[in-house]
Amino acid sequence: MTDPVLDIRGLRIALPKGADRPFALSGLDLSVNPGEIVCLVGESGSGKSLTAGAIMRLLPEPHVRVADGSIRFEGQDLLALSEREMKQIRGDRIAQIFQEPMTALNPQKTVGWQIDEVLRLHTGLGRKARRARVLELLDLVHIPDPRSVYHAYPHQVSGGQRQRVMIAMALACEPKLIIADEPTTALDVTTQLQILKLIRELQEKEGAGILFITHDFGVVAEIADRVVVLSKGEMVEQGTAAEVLNRPKHPYTRALIGAIPALVPPRPRDFRDAPVVLRAEGLVKTFAARGSLISGKRAPVTAVDNLSFTLRRGETLGVVGESGSGKTTVSRIVTRLLESDCGAVEVDGTDLLACSPRELREMRRHIQMVFQDPMASLNPRKRVEDLIAQGPIVHGADPKAARARARELLELVELSPAAATRYPHEFSGGQRQRIGIARALAMEPKVIVADEPVSALDVSVQAQVLKLLADLRDRLDLSVLFVTHDLRVAAQLCDRVIVMQKGRIVETGVTAELFAAPSHPYTQQLLASIPGRGWTPPDLATDAA
Amino acid sequence: MTPGPGGATVRAWPPSGTPDMQLTQVLSYALRRLLQAVPVVILIMVGTFLLLKLAPGDTVDALVGDMGGADAAYIARLRAEYGLDQPVWVQLGRYMAKLIQFDFGWSFVYEQPVAAILWERLGTTLMLMGTSLSLAFSIGVGLGAIAARRAYSLTDNAISTLGLIFYATPSFFLSLMMILLFSVKLGWLPVSGLSDVAAFYTGWDHVLDVALHLIMPTAALSLIYLSFYLRLMRASVLEVADLDFVRTARAKGAGETRLMIHHIMRNALLPVVTLLGLQFSTVLGGSVVVETIFALPGLGQLAYQSVIQRDMNMLMGIIFLCAIIVVIVNFLTDLLYARLDSRIALK
């Protein structure tokens, strides 16, 4: 057996005073062998990204620092190296790939320049040789037309391509260890699958050890050889991928895996007799390209193209698609946060799009939204009860009664009524999303439009919020238009789904039937791209609760 | 960070091609901006003309006031001579007709064509403001960057405090103190004026003489402007240094100097350039206070005197000049922006 590339023993990372715990990481043991992919899994705040920072020696010192332990890279103690020596290792023998391909590249430098920089820093190659190597690398990561991408700026290439560029950059000096910090989290499923395949393929070709940091067990199932599970800075479980995924031992791992939405849609329910509460008819939205008076116009973008659907009382309709498919535009149009170019949106028989501003205000109470980012969508300067009561008060409710009602709603979304007088920042992401739901319910709407309501949340929290939504829907006989990019989530909640691509509906049907037998090639591709689709989480429902 | 009114938009794939193509691009962009500027300038001129007419009193009132009074017939004759007896619309029409031929009219106060005086004064102001702003910009950006890299250290505190002090000092006070120190006590620099009238210098001696005269006003102005750039640059560098791509560069093994030069500076400069553009257009109107204290014949002083003396043609000329300068500087800022930020293209 060969020596491990990376060997971490008893690593502890200290947090500054006043943090929620003294150590971000307490006692991590981990090793990565050459040609092995080790997944470091944990929810947000588990300390997994700080581990990467510690290996690269890029922690925001002195606030956050390594307190204890050793990090050996090819037998060499990284913690004992000087900054100069460390600089030579970074990018050369240890490379890192980051999460956000959008922001991780310098917007002012061409792609070629940025890959070239690694070679300039670590090799003595001449200009021509470096250029040849960069083109070779771009080709290696399967970028079509490397020559034109070499001269492109990051904003001129797509998200998936940017991540390929990041990978090319990491591979430039043939590193022995690659740290991939959530490299596919910001990507669409189909792109994610391509990138994961690429990482697998390159790792087999180059033989580097990869430390793959992720929160997604689907991705783990797709790529990992071995798995290390972190919970609040403690290593709770470690083993081969098959062991951890199929026979998790630690309760935390069991809970995490139990929370993963299974790809099993609910039993179809019959809504043929229920009245239609929301009907969209021939919606079109074209975004005109910006241009000045005299300059020529660029081609306009059609975000939604002739879209129609109906939603019946008590039903949940999923709108799924990748970024740019127009699904968010749909949610904005039916709530008239965005004006449609033509068509009609009937809420309970009244056309929302034809309403005068005064009528519209009256109509708004019937259709309410739950937004994606629970942090950004709640006013940080207002108390929770005011946030919830604001809508009814604007619509003429008695403030006192509205606040009392707000407290009842908090109970309904399983928060303590004592939460009423606190501010949004005092809550966790999941709790904030519950507040968002209470805020929507305060208007006693007939329809709730939920735009990616759980995509900013950790899996375990996600499961709870989904369960709450399903619960409320059944108890209050609500209709939900549920916009999501995550097919697993859609499978959990939606009775029917609409699959969108480039502004058009490519397929629509009852969730169970559509998932079992997708007819459109795009739907088939989407379903085939779900990470870990080959792995069915073991049934742990009994002890995960 | 909104660029000028020309509406620079995000450039689409594929990237623009050869330098030749970029030149024609810039030229066609310039032409378009010029066409857009025409209605703007006309509106400004008509608006100010009417506004000035609304103000009580005219050139004749000011002249007669200076003379210590005159009889009604004489005043009426003067008005007729200057064309001030006509209805406002006629006066406006006449003025605009002349303006279209770039004839700014005659200054009855200076007894010279307006254009000649403006031209002379513009030179002085451009020299003063151009130097002050360039100095303020480059030193401010430099110091701001240094302060940000050593944030919260002694160096940073010293730089920031100095900046704050200059920011808080009124320009007249700073100017007077400088005169007191360098001219009165030390005798190193001339007190006021643009050149030593009695010395009749020519050639390089004249240039040197003017430069000596400009040292103090330039220093006073740039010290005050400097603090804006310093503070903005410091904040901007701190912000950019926290961004993801800087972390990426660090993970590539780049050193601090390299990070600063290649990754942070250019991105941090963008908001500072916006301020430079905004300030350039306003300060070219001249600084009344500094020009008055140092007795420099600049535009600011001219504008002030023209208001007092109701020199209508002169005022309109100054306003026209300022409008043109704002348009030009806006255009240049947009060009600079497109050069600095690859995401912005000239459309």
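Tutor: Let's begin with a term: a residue is buried under 20% relative accessible area, exposed over 50%, and partly exposed in between (1.4 Å probe, protein chains only). This is a predicted model, where local features need pLDDT of at least 70 and side-chain atom pairs count only at pLDDT 80 or more, while totals for chains, interfaces and linings use all residues. Residues are numbered from 1 along each chain as its sequence is written, chains are lettered from A and ligands numbered from 1 in the order in which they are written, and side-chain values use heavy atoms, leaving out hydrogens and water.

Now to the bridges. A salt bridge is a side-chain nitrogen of Lys or Arg within 4 Å of a carboxyl oxygen of Asp or Glu. Over all chains, the whole structure holds 39 salt bridges.

Take Arg473(A) and Asp474(A), whose closest N and O atoms are 3.2 Å apart. Asp474(A) has 46% relative accessibility, so this residue counts as partly exposed, whereas Arg473(A), at 8%, is buried. Both belong to a network of salt bridges that also links Arg269(A) and Asp495(A).

Glu83(A) and Arg90(A) form another bridge, at 3.3 Å from N to O. Here Glu83(A) is partly exposed at 43% relative accessibility, and Arg90(A) is buried at 2%.

In chain B, Arg234(B) bridges to Asp156(B) at 2.8 Å, N to O. This pair links distant parts of the chain, 78 residues apart: Arg234(B) sits in helix H8 of chain B and Asp156(B) in helix H6 of chain B. (Helices are DSSP runs of H or I with at least four residues, numbered from the N terminus.) Arg234(B) is buried, with a relative accessible area of 17%, and Asp156(B) is buried too, with 1%.

A charge sits over a ring if NZ of Lys or CZ of Arg is within 6 Å of the ring centre and within 35 degrees of the ring normal. In chain A, Arg131(A) lies over the face of Tyr150(A), at 4.6 Å from the ring centre.

Key. Helix = DSSP H or I, 4+ residues; strand = E, 2+ residues; numbered from the N terminus.
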